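Subject: Structure handover

Hi,

Here is the structure we talked about. Please open it and keep it in view while you read. My notes follow below.

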Amino acid sequence: MHINQEEGELKIEIEGYWYRTVLWEVPLMALISELYFKMMGISPKETEAKAVQKALELKALKADHSDFGTRRRFSFEVQEKVIDCLQKHSGEYFKGTSNIYLAMKYDTIPIGTMPHEWFMYHGSIFGYRSANMKALEAWVEVYQGSLGITLTDTYTTNTFLQNFSLKQAKLFDEVRWDSGDPLEFTDQIIRFYKENRIDPLSKTIVYSDSLNMEQVKEIKKYVVGRIHDAYGIGTYFTNNVGTTPINMVIKLTEVKMNGKKSLPIRHKIVRHSRKKHR
């Protein structure tokens, strides 16, 4: 691991076998975020009150929602308090958390989706024309129908849908929106299902790109009765406590094959700069 910081910008590169380096992403980003706020002497405000209000509003909307906020959380304590409040006040509409430990502790479902890097890896090995198809085939081979939420936007949703076979469209229960206009995405996905004679109401769109309550309300109003909707909410749950969350991301940047074996060397970069959360 190589760490460098210059004038407020933090860069980290992680190199090694993929099955090792991939495990760094979530804990590393969570540690950086929490350490930053501790060093700045910032304390969370109204954690419980805000979490309860969000839970009640989402329940009133009948919006299925999950916590996706581990990586950019204010702290572990804040995330745990949020999950506790959601579980107590959201009723049946709280569906789980991407944090495995907290899912176990609060007896809820550990939930998440495949990462962009899954498609990026297959693109680097098999070429970008085959990336979506190869990535989906490999996922199905491993999970055999479980963990059926797929990303669509790694190489644009238009390209993804061109590669999304009828078999895969029927097998994957949910698609995830993570960039662009959510309403346009909704129309595009519903149109795709109808063209393939799949009932959109039998499928789910998971909306997950920097959501806040206003966006959830807008999307919910637009999709009701057309397709099932669910919301993976991150920093709006776990870092909406009177601070500005850190804008950072970790991405796959290089892959090296070892002969015929799939043993990639992985480089990941974290960029840190302050940016107001939507």
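First, a term you will need: contact means heavy atoms within 4.5 Å. Also keep in mind that this is a predicted model.

Start with the whole protein. It has 12 helices and 12 strands. The radius of gyration is 19 Å, close to the 19 Å that the globule rule gives for 278 residues, so the protein is as compact as a globular protein of that length. Its C-alpha trace spans about 50 × 50 × 30 Å along the principal axes.

Now the helix pair. Two packed helices are described by the angle between their axes and the distance between the axes. Helix 3 covers residues 47-61, and helix 11 covers residues 213-223. They pack at an angle of about 5°, and their axes lie 11 Å apart. Angles under 35 degrees count as roughly parallel, and helix 3 and helix 11 are therefore roughly parallel to each other.

Which residues of the two helices meet? Helix 3 brings Lys 54, Glu 57, Leu 58 and Leu 61. Helix 11 answers with Met 213, Val 216, Lys 217 and Lys 220. By class, this contact of helix 3 with helix 11 has 4 nonpolar and 4 charged residues, and no polar ones.

Next, the sheet. Strands of a sheet pair through backbone hydrogen bonds, either parallel or antiparallel.

Strand 3 (residues 64-67) pairs with strand 4 (residues 94-97) in the parallel sense, over 3 bridges. Between strand 3 and strand 4 the chain passes through helix 4 (residues 76-89), and this β-α-β crossover is right-handed. Look for Asp 67, which stands opposite Thr 97 in strand 4.

The other pairing joins strand 7 (residues 204-207) and strand 8 (residues 228-233). It is parallel too, over 4 bridges. Ile 205 has Asp 229 in strand 8 as its bridge partner.

Best wishes

Note on methods:
Residues numbered from 1 in each chain as written. Predicted model: local features only at pLDDT ≥ 70, side-chain atom pairs only at ≥ 80, totals over all residues. Heavy atoms only, no water. Pairing = 2+ DSSP bridges. Right-handed = clockwise from strand over helix to strand, strands pointing away. Axes fitted to C-alpha atoms, helices over the stretch in contact; angles between N-to-C directions. Parallel < 35°, antiparallel > 145°, perpendicular 65-115°, else oblique. Nonpolar A, V, L, I, M, F, W, Y, C, P; charged D, E, K, R; others polar. Rg over C-alpha atoms; globule rule 2.2 N^0.38 Å.
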